[in-house]
Amino acid sequence: MIFEGAKFCAFCGEETSRAAKARTDLPCPTCKKTVLGQVELGHTPVMECAGCHGLWVDNDTFDRICTDREKQAAVLGGPSEVFRPGGIQPVRYVKCPLCQDLMHRVNFAKCSGIIVDICKSHGTWFDRDELQHIVQFIRTGGLDFAREKEKAALEAERKRIESMRRDPYRAPSDTYTSGGGWVFGEPDLFDIAGSIIRALD
């Protein structure tokens, strides 16, 4: 974090100012009537709404931000509040500024608590400070945690499938959910049918 208005990071020397380039004719997904302007975060080109300060980032640029620490430093150049997941917010869908299709609402990394709007073909819309919160999430190991969680879920699913192949007449009474927990259930019709077939053999 740096002082508001500073053009360079005192720690690494990276330029952090948002250099305004030009206005576009693309509408802001949130404000609708306001058009986006081309700006640079350090040397990273993005589009920003001067009204709500939301950011439009194309897919390639966002991929580079997620992997390049220098670009992350530029994103973190401006001050932002500490992210605290809020309560239930009204759901609203916004349109991609390029194709005008409704975008998908996605929980970044499935566990960050930061809901962003994604057009798979063109890019991602970040409301004010959301991109900074995502970079903070990445830098504190959030993506690594999400990957490990996904690996555990995939391994549990693999074991479940192998178990069903060994005994196709018996459905497992417990299941590992993608949310990271075990759900225990009572024997169902598969259990009963399996028991009858084994008794007749």
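Me: Why does Arg92 count as partly exposed?

Reply: The relative accessibility of Arg92 is 28%. Buried means under 20% relative accessible area and exposed over 50%, with partly exposed in between (1.4 Å probe, protein chains only), so Arg92 counts as partly exposed. A word on the source: this is a predicted model in which local features need pLDDT of at least 70 and side-chain atom pairs count only at pLDDT 80 or more, while totals for chains, interfaces and linings use all residues. Residues are numbered from 1 along each chain as its sequence is written, and side-chain values use heavy atoms, with hydrogens and water left out.

Me: What makes the contact of Arg92 and Asp127 a salt bridge?

Reply: The term asks for a side-chain nitrogen of Lys or Arg within 4 Å of a carboxyl oxygen of Asp or Glu. For the side chains of Arg92 and Asp127 the N to O value is 2.6 Å, so they meet in a salt bridge. Arg92 lies in the loop between α2 and β5, and Asp127 in the loop between β7 (123-126) and α3 (130-139), so the pair ties together parts 35 residues apart in sequence. Helices (H or I, at least four residues) and strands (E, at least two) are DSSP runs, numbered from the N terminus.

Me: Why is Asp117 called buried?

Reply: Asp117 has 1% relative accessibility, so Asp117 counts as buried. The side chain of Asp117 also meets that of Arg92 in a salt bridge (3.3 Å, N to O). This pair links distant parts of the chain, with Asp117 in strand β6 (residues 115-119) and Arg92 25 residues apart from it.

Me: And what makes Lys110 exposed?

Reply: The relative accessible area of Lys110 is 62%, so Lys110 is exposed. Glu150, at 34%, is partly exposed. The side chains of these two, Lys110 and Glu150, meet in a salt bridge at 3.7 Å, N to O. Lys110 lies in the loop between β5 and β6 and Glu150 in helix α4 (residues 142-166), so parts 40 residues apart in sequence are tied together.

Me: Which residues do salt bridges with shared partners join into one network?

Reply: Those are Arg92, Asp117 and Asp127. Asp127 is partly exposed, at 21% relative accessibility.

Me: How many salt bridges does a search of the whole structure find?

Reply: The search finds eight salt bridges.
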